[in-house]
Amino acid sequence: MRAAAALLLAASGATAQPAVPEDGPALLDARPLAMPVEGVRPQALHDTFADGRAGGPHEALDILAPRGTPVRAVDDGRLVKLFHSVPGGITLYQFDPSGRLAYYYAHLDRYADGLREGMALKRGDVVGYVGSTGNASPDAPHLHFAVFRLGQEQRWWQGTAINPYPALRRLP
Ligand SMILES: [Zn+2]
C-alpha cells in the first residue's frame with residue numbers, strides 16, 4: 001500500500017515532504033535489527049510503548065535483564081551522543097546509516113570501553129551494560145530502548161517516537 005502510494009506520487013510529479021515525517025514505522029521495518037540486550041529472546045519482550053510514566057507517555061521498551069548484561073547496537077550507524085540525564089541516567093544515541101532514525105539506550109550501568117561520539121557502530125557491537133542509572137528502580141535493572149524518526153535537522157534530542165516492539169518481536 002505504501003509503495004503503491006509512493007508510485008502514484010512519483011507518477012503525478014508530487015513531492016512528499018511532510019513537516020512531521022510519518023514514514024518512521026516503515027523505515028524501521030526495513031532495518032535488519034538485532035536484539036539490543038544480549039540473551040533476551042523476542043518472546044520475552046513486553047510491549048511497554050504505550051504505558052504511562054511520570055512525566056508523560058513512555059514511548060519506549062523496557063527490557064529487563066541482570067545488571068551488567070551487554071547492550072548491543074541494534075543497527076549499523078553512527079554514535080552521535082553520549083549523554084547523562086536525570087531521568088535516563090547514562091544514555092547513548094545512535095543514528096541509523098541513513099540518518100533518519102535515532103536509537104536511544106538508557107539506564108546503562110556504564111558504557112563499553114572506547115566509545116566516542118562520532119564513531120561508526122556495527123550492528124551487534126557492545127555499547128554498554130544494563131543498569132539502573134537515572135530514574136530506574138535499583139531493584140529492576142533494565143534497558144530503556146527507544147526509536148525516533150528524526151526531522152530534517154537531524155537533532156538527536158528531537159524526533160517522533162516509533163514503537164520498536166513489532167520489529168524486535170519478530171526477530172528469530
Ligand atoms: Zn523505560
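This is a predicted model: local features need pLDDT of at least 70, side-chain atom pairs count only at pLDDT 80 or more; totals for chains, interfaces and linings use all residues.
1. The zinc ion takes its donors from three residues, His58 through NE2, Asp62 through OD and His144 through ND1, at 2.0 to 2.1 Å. Along the chain these donor residues follow the spacing H-x3-D-x81-H. Because aspartate 62 belongs to strand E3 (residues 61-64) and histidine 144 to strand E10 (residues 142-150), the pair ties together parts that lie 82 residues apart in sequence. Both aspartate 62 and histidine 144 are buried.

2. The largest pocket has a volume of about 630 Å³, and of the 27 residues lining it, those closest to its centre are Pro57, His58, Pro87, Asn135 and His144. Two or more lining residues come from each of strand E2 (56-57), strand E5 (77-85), strand E7 (101-111) and E10, and E10 gives the most, with four residues. His58 and His144, named here among the residues closest to the pocket centre, are also zinc donors.

3. By class, the lining of the largest pocket is made up of twelve nonpolar, twelve polar and three charged residues.

4. Strand E9 (residues 126-130) has four of its five residues buried, and it is therefore largely enclosed by the rest of the structure. Strand E4 (residues 70-72) runs antiparallel to E9 and is joined to it by three bridges, with proline 70 standing opposite tyrosine 129 of E9. E7 likewise pairs with E9 in the antiparallel sense, over three bridges, and here arginine 110 has tyrosine 129 in E9 as its bridge partner.

Terms used
Residues are numbered from 1 along each chain as its sequence is written. Side-chain values use heavy atoms; hydrogens and water are left out. Donors are N, O and S atoms within 2.8 Å of the metal (3.2 Å for Na, K and Ca); water is not among the atoms, so sites may look incomplete. Buried means under 20% relative accessible area, exposed over 50%, partly exposed in between (1.4 Å probe, protein chains only). On a 1 Å grid over the protein atoms alone, a cavity is a set of points where a 1.4 Å probe fits but cannot get out, and a pocket is an open set with protein on both sides within 12 Å along at least five of seven lines; lining residues have an atom within 4 Å of a point. Grid points are joined across faces, edges and corners, and a volume is the space filled by probe spheres set on the points. Ala, Val, Leu, Ile, Met, Phe, Trp, Tyr, Cys and Pro count as nonpolar, Asp, Glu, Lys and Arg as charged, and the others, Gly among them, as polar. Two strands pair if DSSP finds at least two bridges between them.
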